[in-house]
Amino acid sequence: MAEDGDIRLDLRLARGDFTLAVDLRLPLDGTTVVFGPSGCGKSSLLRAVAGLEPCARGCVRIGAEVWQDAAAFLPPHRRRVGMVFQQAALLPHLRVLDNLCYGWKRAGAARARLDDWIERLALAPLLDRLPATLSGGERQRVALARALACEPRWLLLDEPLSALDAERRGEILPYLEAVRREAGVPILHVTHAIEEVSRLADHLVLLDAGRVTASGAALEVLNRADLPLALREDAGVVLPARVRTRDAHGLVLLDTAAGALYAHSAAAVAQGTSLRVRIQARDVSLALSRSEDSSLLNLVPARLEALDALPGGQVQARLCASGTTLLARISHLSAQRLGLRPGQTLWAQVKAVALLL
Amino acid sequence: MTGWIDPAHAPAWALAAWVTLKLAGLTTLILLLLGTPLAWWLARTRSLWRAPIGALVSLPMVLPPTVLGFYLLIALAPEGVFGRTTGALGLGAWAFTFPGLVVASVLYSMPFVVHPLQSGFAAIPAPLLEAAATLRAGPLDRFFSVILPLVRPSFLTATLLGFAHTVGEFGVVLMVGGNIEGQTRVLSVLLYDQVEAMAYGDAHRLAAGLLVFSFGLLLVMQWLGRRTAVAHG
């Protein structure tokens, strides 16, 4: 059946005065990120998928596999799920290897899977340690490998980075990306960090107060200016990019849909690498003419599409650069002085381009 | 004291010691079997019954043993609630018998087994059990592979406390079991008899023996408690 080619999530869960009600169809490959503020119900949604919310009603179908519908409710241990919890939830009385084997053994998965993930997540030196002796980042890596070793049909990540500090997050993000590329299972990743969305999402679901406000291809949803996402302090756009050159000082020249852009990268990125870049609205300023006497490297011609007023005397300009949306955040006064109006051709000066490796 | 050497006429203290150990061992075993599900339920339920049942389990800690003994005596007697059941089952009435003593001891020592288990169960973080469930472990599997290993120190405490407290009971035993040598006379009752008979030499030896035994048991518990604390730290 063609019906089986996707994931169907139709769940309702009432708890006190909070109600979660979602009806989603998700792609059967890639990473779906559910993004929303804390308390929006995203963790409950994930738990309901895993079968940890016995009061959740509705349907959970992944491909042809039905975990829950009007007639049946599989308990968590009968769902072929892999789950990583916020606090890792490693079994404290078992060594790392025994934690990894706990689910692997019960799932009857292939030996090669276990060895594979031990290697890819660099766990070999930790195998004999007890969880209490691991750092937060190490714990999450073990939890990831433990879930993946079961050969899950669907990998669920419940804010796996939220308990870590910025440095540890930076350590574990590359592993998450490796999992995204190499696991070959759909991933449902719940987070309230825009960075994780920008880097990891193929499909994006925005959740607010238990309701879905948007669901679609990640870059489309991220760059849509009509969503509350565009009004956040850290609003911006995410673009696919390819590395053209990198010089000895770490300056990288990127080809993007909006044009060629320079960015700094501490990490070595090879020529030809595909990646994403994020350009925040507050890092883009506007000029009526191309300024030849500026230190700024990134100057992009763009057409002004619209001006949205923001609180605090600011306006957000929606620009179209070679068919791609850019956002620029400037003061209301600057907009007046420049005499900005939709349809005008401008130069967008991009102060910073963040590489999302 | 005569008959020290002749095994056919075991001394009174040896008979009493045997009854005491048998009673304490059997009581502890039954309490571990009954107390484990009860403690789990008390630790996890949100039922309205939790408070009254919890209070009932704790009651022997504050109730005079004679009160419990009195009601049990009435219940176990041939025309009592419990006595009629055992009678109908062809087991006879259990007042002044060893089985009656076991029933009384199970009730009397229950809080000392249930409380440590209950706090052990309550201390297990829910996400651990959820994680085990998502790793394909069913409910029984989770009990043996996660819960039991994590509450092992609580089980040790519960076993030692249940045993020691049963050895230490007096009032309930006297009310329900009477004082039949070789059947229901336990060490604490024997000591009472010796004092009544002004056999102070025997009483001294017995009292000192019980004191050393109880102290030793609690000392072992303290050591075990520290060892597990260090292992988890």
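**Figure 1. The two domains of chain A.** The C-alpha centres of domain 1 and domain 2 of chain A lie 33 Å apart. Domain 1 of chain A covers 2–225 and domain 2 of chain A covers 236–356, with bounds that come from an automatic or database domain assignment. What you see is a predicted model, in which local features need pLDDT of at least 70, side-chain atom pairs count only at pLDDT 80 or more, and totals for chains, interfaces and linings use all residues. To find your way around, note that residues are numbered from 1 along each chain as its sequence is written, while chains are lettered from A and ligands numbered from 1 in the order in which they are written.

**Figure 2. Where the domains of chain A touch.** Here six residues of domain 1 of chain A are in contact with nine residues of domain 2 of chain A; two residues are in contact if their C-beta atoms, placed from the backbone, lie within 7 Å. On the side of domain 1 of chain A that touches domain 2 of chain A, helix H6 (194–200) and helix H7 (218–223) of chain A each supply at least two residues. H7(A) gives the most to this side, with three residues. Sorted by class, this side of domain 1 of chain A has three nonpolar, two polar and one charged residues (Ala, Val, Leu, Ile, Met, Phe, Trp, Tyr, Cys and Pro count as nonpolar, Asp, Glu, Lys and Arg as charged, and the others, Gly among them, as polar).

**Figure 3. A helix pair in chain A.** Helix H4 (residues 136–148) and helix H5 (residues 166–182) of chain A pack at an angle of about 15 degrees, with their axes 9 Å apart. Axes are lines fitted to C-alpha atoms, for helices over the stretch in contact, and angles run from 0 to 180 degrees between N-to-C directions. H4(A) and H5(A) are therefore roughly parallel to each other (angles under 35 degrees count as roughly parallel, over 145 as roughly antiparallel, 65 to 115 as roughly perpendicular and the rest as oblique). Look on H4(A) for Gly136(A), Gly137(A), Gln140(A), Arg141(A), Leu144(A) and Leu148(A), which make the contact with Arg168(A), Glu171(A), Ile172(A), Tyr175(A) and Val179(A) of H5(A). By class, this contact of H4(A) with H5(A) has five nonpolar, three polar and three charged residues.

**Figure 4. A helix pair in chain B.** The secondary structure of chain B comes to eleven helices and zero strands; helices (H or I, at least four residues) and strands (E, at least two) are DSSP runs, numbered from the N terminus. In this view, helix H3 (residues 65–76) and helix H5 (residues 98–122) of chain B pack at an angle of about 140 degrees, with their axes 11 Å apart. That angle makes H3(B) oblique to H5(B). Pro65(B), Leu68(B), Gly69(B), Leu72(B) and Leu76(B) of H3(B) meet Gly100(B), Ala104(B), Leu107(B) and Tyr108(B) of H5(B). The contact of H3(B) with H5(B) has seven nonpolar, two polar and no charged residues.

**Figure 5. Where chain B touches chain A.** Across this interface, 14 residues of chain B are in contact with 17 residues of chain A. On the side of chain B that touches chain A, helix H6 (126–134) and helix H7 (139–150) of chain B are the elements that give two or more residues. H6(B) provides the largest share of this side, seven residues. By class, the side of chain B that touches chain A has ten nonpolar, two polar and two charged residues.
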